[in-house]
Amino acid sequence: MASFLIVFTILAAIASFDKCTCTSTNEPRYPAIFVFGDSTVDTGMNNYIPTEMKSDHAPYGRDLTNHKPTGRFSNGRLVPDMLASKLGIKEMVPPYLSPVLSKEDLMTGVSFASAGSGIDDLTTVVSGVLPVSKQPSYFLQYKERLKLAVGEEQATKIVNGGLVLISAGSNDFLFDFYAVPLRKIQYNISGYQDYLLQRVQNVVKELYSSGCRNFAIAGLAPIGCVPIKVNTRTGPTKCLDDVNSDAVVYNSKLQHVLQSLQASLSGSRFLYADIYNPMMDVLKNPQQYDDIQSLVLDQRIKNFNSICAHVGFKEIKKGCCGYTGYVEMGPLCNSFTPVCANAAEYMFWDAVHPSEAAYELATKSLMETIFR
């Protein structure tokens, strides 16, 4: 399972503690990008893990340049890819476990994220994917490989200057706390939020001790609006207000945690990704986002000679992939499953993951905020 909306904006609006000015695209502000979290930022890590939580099959990747699935849970690129491209780092962010990583790949960063992952290790017990708590151990392996490739001094500069993206948490609520009774026996909702936030701090401190200094950490999206979650309780009608309220409280707590980390970790810089409010704006006013749709459509014309036109997101409640669009994801979204003609008209690609068009919107918003 995947935390799906949660980078629908990594980073749809980043309230930044970093006030530095913008650098030239010829001199990337960050020399590398390091990605941790779940399916919204997993660029193919699960392809090399013994798990059923994979998207290495059609129709995933349908709208990539080569039209082939890569392990990304979307029809095209993810925010890490778009962000790295716009920052002048690289065009696509490879997964760390890829057997064909080049020296250049190592120098410019990789993704350690695992679809279905969670901050709580219990979230991953059934799926067998990499919990967020285990992903920093792969980062340590990466550092050693980087040192061998470029030398210790250059490796240190790359790690110190790189941007760490962390996107996780929604799986812990949607597929753990709300779905499985164990954590509810141990914690009320406030206690579970605090438990997760303590574990987030542990991961950040571990990465900080490994040399990382620049962090962008996403809050929760309005997870009560995820098609698969809405459908389990009310049918495909409206968002779950109580679930969204829990997300708002978690996000408020997370911001305080990041402020505390900023103050206690010398030389660190933290960006809070406010996903919730921009996402709700899209859900309430989908037709306002025709500019991003046009940008994505231009890419479609280039790649597929498409001439269809549209304005804004035409569908915000269900996924493009599936007979229903409310339950299909992963194995249930496959080459035998019907898909919509134009995914750029849909906010969701499957029942939980955003479309490339939605990720474009998130990246555009992030760039505007991070460099203003």
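I call a residue buried under 20% relative accessible area, exposed over 50% and partly exposed in between, using a 1.4 Å probe and protein chains only. By that rule I counted Y96 as buried, because its relative accessibility is 4%.

A note on the source: this is a predicted model, where local features need pLDDT of at least 70, side-chain atom pairs count only at pLDDT 80 or more, and totals for chains, interfaces and linings use all residues. Residues are numbered from 1 along each chain as its sequence is written, and side-chain values use heavy atoms, with hydrogens and water left out.

Next I looked up the rings. I pair rings of Phe, Tyr and Trp (its six-membered ring) if their centres lie within 6.5 Å; planes under 30 degrees apart are stacked, over 60 edge-to-face, and the rest tilted. I found 21 aromatic pairs in the structure. Y96 and Y138 have ring centres 6.3 Å apart and planes at 75°, so I logged them as edge-to-face. This pair joins distant parts of the chain, 42 residues apart: Y96 is in the loop between α1 (79-86) and α2 (103-108), and Y138 is in helix α3 (residues 135-150). My helices (H or I, at least four residues) and strands (E, at least two) are DSSP runs, numbered from the N terminus. Both tyrosines belong to a cluster linked by ring pairs, together with F34, F36, F112, F139 and Y142.

Last, I turned to N214, in strand β4 (residues 214-218). N214 is also buried, because its relative accessibility is 4%.
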